[in-house]
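Have a look at the sequence and the fold, and then we'll go through some of the details together.

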Amino acid sequence: MNLNLTGLAAALATFLGIWLGHVAVRHFEARMADIRPAMALCVSLGLGLWAGAWLTDSAPLAAALGILGMTLLWDALEFFRQQKRVKIGHAPANPSNPRHARILAEFPAATTVDLLKRDPLGRQVDANEAVKLVAKH
């Protein structure tokens, strides 16, 4: 009996790619004065991983490389989308980042409050209640 590790490789690549991508996009978008180099790096690495998936004979490796490549391509888009979330106040702005300082000055909804840093209540809350919940911490 031969073990087919493609499913396991795909599952691990998916989980790790999405998790690390989410954390990395939030971290670097908040700290970088210009997100275009990070976007270009994600596109380059994503296309490179796709090329590796295309060229390998190993199905598990091809699956993992293809998934990680797609995740990096999506992360390139997420840098732009995260910046939009900062502008509308859905993600916290970093006032020591010059790009975020401009966003805070230009967009009234932008905030430095991280609305995710609170204990869940199990119900929907409005913006005012969310700020009060975050201010408790």
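Contact here means heavy atoms within 4.5 Å. Helices are DSSP runs (H or I, at least four residues), numbered from the N terminus. This is a predicted model, where local features need pLDDT of at least 70 and side-chain atom pairs count only at pLDDT 80 or more, while totals for chains, interfaces and linings use all residues. Residues are numbered from 1 along each chain as its sequence is written, and side-chain values use heavy atoms, with hydrogens and water left out.

Let's start with helix α2, residues 36-55.

Which residues of α2 are buried? They are Ala 38, Cys 42, Gly 46 and Ala 53, where buried means under 20% relative accessible area, exposed over 50% and partly exposed in between (1.4 Å probe, protein chains only). Helix α3 (59-87) is included in what covers them. On the face turned away from that buried side, α2 carries exposed residues: Arg 36, Leu 41, Ser 44, Trp 54 and Leu 55.

Now for the inside. A nonpolar core is a set of buried Ala, Val, Leu, Ile, Met, Phe, Trp, Tyr and Cys residues joined through side-chain atoms within 4.5 Å. The largest one has 6 residues: Val 25, Ile 35, Ala 38, Cys 42, Ala 76 and Phe 79. Both α2 and α3 supply at least two residues each to this core. Apart from it lies another core of 5 residues, including Val 86, Ala 91, Ala 93 and Ala 110.

Helix α3 also holds Gln 83. Its side chain makes a polar contact (N or O atoms within 3.5 Å, one able to donate a hydrogen and the other to accept it; residues adjacent in sequence count only if both atoms are side-chain atoms) with the side chain of Arg 99, at 2.9 Å.

| Residue | Relative accessible area | Class |
|---|---|---|
| Gln 83 | 13% | buried |
| Phe 15 | 55% | exposed |
| Trp 19 | 48% | partly exposed |
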